[in-house]
Amino acid sequence: MEKKGKLFVISAPSGAGKTTLVRRALEQFPQLSYSVSHTTRNPRNGEINGKDYFFINEKEFQTLVDQDQWIEWAKVHGNFYGTSRDFLEKKLIKGDSLLLDIDIQGAKQIMEAGFTLVSIFILPPSIEILQQRLENRGTDCRAVILQRMENALVEIDQQSVYDHVIVNDDIDQAIADLHLILENEMRFL
Ligand code: 5GP
């Protein structure tokens, strides 16, 4: 299969500011499509099915695992997340470039599947600031925050798997850093 589009994978511990960065990147690069993942977690306030995620139940998710329909999938913070193989391959064949917001387990699976991709990891300025951000955003209870902090440490430890690392200390600087990476990579399309 000839794959013409380019794949960008972006990962970060939750609370590192990835959502804002991804949103800005999509505004700045209209030629970049967002890869809408499937998840078994419940929608948060304001999230739209088919735009933020496709929300499905565990049985549906497992059926698609059995049918080998995921190009990658993982259990993250207790819920299942996956990227549809069909969706991804169709987009690439069409020549679209895709931005995948997925965790490190998924990123590694895509790398191992032999796709050419550009991978970017977003780091918080410090662990203390990460914890503070998770507490301040008020979307998660204490147990969830602790689980996310534990996962963050594991992910941060593996940042060298990625092509680029951006420290999100100042959001405007981080947006500019991401813009530069994307601009350089898109130039060769
Ligand atoms: P959230 O539930 O906060 O939206 O996302 C939790 C984590 O799941 C984030 O690290 C996000 O990048 C990751 N994630 C979202 N979609 C996918 C996916 O399709 N595959 C994998 N492996 N991780 C995903």
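1. D68 is found in the loop between α2 (58-66) and β5 (70-76); helices (H or I, at least four residues) and strands (E, at least two) are DSSP runs, numbered from the N terminus. The phi of D68 is near 55 degrees, a positive value in a residue other than glycine. Most residues other than glycine have a negative phi.

2. This is a predicted model, in which local features need pLDDT of at least 70 and side-chain atom pairs count only at pLDDT 80 or more, while totals for chains, interfaces and linings use all residues. Residues are numbered from 1 along each chain as its sequence is written, and side-chain values use heavy atoms, with hydrogens and water left out.

3. H77 lies in the loop between β5 and β6 (79-84). Its phi, near 50 degrees, is also positive, and H77 is not a glycine. With 16% relative accessibility, H77 counts as buried (under 20% relative accessible area; exposed is over 50% and partly exposed in between, with a 1.4 Å probe and protein chains only).

4. Searching the whole structure gives 7 aromatic pairs. For W73 and F80, the ring centres are 6.0 Å apart and the planes stand at 50 degrees, so this pair is tilted. Rings of Phe, Tyr and Trp (its six-membered ring) pair if their centres lie within 6.5 Å; planes under 30 degrees apart count as stacked, over 60 as edge-to-face and the rest as tilted.

5. The two partners can be set side by side: W73 is partly exposed, at a relative accessible area of 32%, whereas F80 is buried, at 16%. Ring pairs join W73 and F80 with F61 and W70 in a cluster.
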